[in-house]
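Me: Please take a close look at one part of this model for me and talk me through it in one go. I'd like the pairing first, then the charged contacts around it.

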Amino acid sequence: MESSIVSGKTKICGVIGDPIEHTMSPVMHNAAFKKLGLDYIYIPFRVRAEELAQAVDGIRALNIRGLNVTIPHKVAIIPMLDGLDPVAEKIGAVNTIVNNDGNLRGYNTDASGFLRALLEGGGEPEGKNIVILGAGGASRAISYILAEKGAHLTILNRQLELDWAEVIAELILEDFEMEVRVLELGFENLAAALAGADILINATSVGMSPNSEESPVPADLLKPELVVFDIVYNPIKTKLLKDAEAAGARIVVGVDMLTWQGALAFEKWTEQPAPFDLMRKKAVKALGGA
Ligand code: ATR
């Protein structure tokens with residue numbers, strides 16, 4: 001079989017979102033299909049919010065094997081699916097769909113991909129004190145999966161009037177009977193939280209290109225005992241991660257989470273182990289890295 005040629009048997013995967021022009025998923029997945037000699041293709045689809053239901057019907061009608069789901073559809077798509085992985089249900093967001101004969105099941109490989117990247121980077125979460133910055137969608141997924149693994153969490157967020165961090169804390173208390181400390185993001189609280197921390201995670205967008213000179217944490221609060229994970233992947237090494245490295249800390253780059261979320265989705269569609277190193281190399285290249 002020549003894997004680069006589309007045939008009547010080719011299985012179709014893709015990503016739906018709006019905008020979609022800047023997605024890096026097609027290069028990662030198509031390279032992976034080719035490397036494994038799989039007769040699959042991965043295509044980006046721009047889907048408007050108001051046409052999401054038609055697009056989901058289209059997955060069934062066109063017999064698309066699987067999709068990634070990105071902004072703005074990760075939450076809205078949930079009631080349109082036939083089943084949900086329990087973690088995706090709790091987090092309230094889906095980034096991966098598998099189509100088995102018209103039955104659409106939703107997963108969240110952002111959460112499982114984050115966890116895999118952390119584990120591969122040497123950050124075993126069980127029993128550890130973990131500080132998470134931010135309380136948006138990414139933070140919710142990360143916090144939930146870390147609580148499930150038995151970590152002790154402190155969430156720092158800047159927006160105290162509309163307190164999403166409290167919402168996350170309540171969910172975790174209900175499901176795992178675990179107290180989450182919620183603090184306002186500021187120097188004093190950061191210093192106090194980091195004093196007893198094992199792992200620090202930036203789940204805010206602070207430091208993302210073009211604001212790559214910014215960091216959510218003053219450099220002098222970082223220490224060698226920490227594992228520092230930044231979910232921002234552009235630039236590949238953020239200011240926070242550079243400062244962490246200079247302080248002697250172990251770092252995990254956001255590209256590892258991006259690649260693992262793709263790799264775990266790939267494995268659900270193809271039922272084959274994903275070629276992680278190749279996918280990571282393609283993602284780094286697409287980001288303009290080496
Ligand atoms: P995502 O889906 O990536 O989590 P999001 O839901 O928009 O995106 O959440 C982004 C997080 O980064 C939020 O916690 C946001 O804080 P607010 O809840 O106060 O908006 C946080 N964030 C974004 N810019 C920030 C900044 N300059 N300083 C601190 N936190 C910031």
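Reply: Two strands pair if DSSP finds at least two bridges between them, and strands (E, at least two residues) and helices (H or I, at least four) are DSSP runs numbered from the N terminus. This is a predicted model, where local features need pLDDT of at least 70 and side-chain atom pairs pLDDT 80 or more, while totals for chains, interfaces and linings use all residues. Residues are numbered from 1 along each chain as its sequence is written, and side-chain values use heavy atoms, without hydrogens and water.

If you want a spot to look at, find Asn68: its bridge partner in strand 5 is Thr96.

Now the charges. The structure has nine salt bridges (a Lys or Arg side-chain nitrogen within 4 Å of an Asp or Glu carboxyl oxygen). Take Arg48 and Asp18, whose closest N and O atoms are 3.4 Å apart. Arg48 is in the loop between strand 2 and helix 2 (52–61), and Asp18 is in the loop between strand 1 (11–17) and helix 1 (25–36), which puts the two 30 residues apart. Arg48 has a relative accessible area of 33%, so it's partly exposed (buried is under 20%, exposed over 50%, partly exposed in between; 1.4 Å probe, protein chains only). Asp18 is partly exposed too, at 21%.

Next comes Lys74, in the loop between strand 3 and strand 4. Lys74 makes a salt bridge with Asp110, with the closest N and O atoms 2.8 Å apart. Asp110 belongs to helix 4 (residues 109–120), so this pair ties together parts of the chain that are 36 residues apart in sequence. Asp110 is buried, at 16%, whereas Lys74 is partly exposed at 24%.

Helix 2 has a pair of its own: Arg60 and Asp57 are three residues apart there, so about one helical turn separates them. Their closest N and O atoms are 3.5 Å apart. Arg60 is partly exposed at 28%, and so is Asp57 at 48%. Asp82 joins in as well: Asp57, Arg60 and Asp82 are linked in a network of salt bridges.
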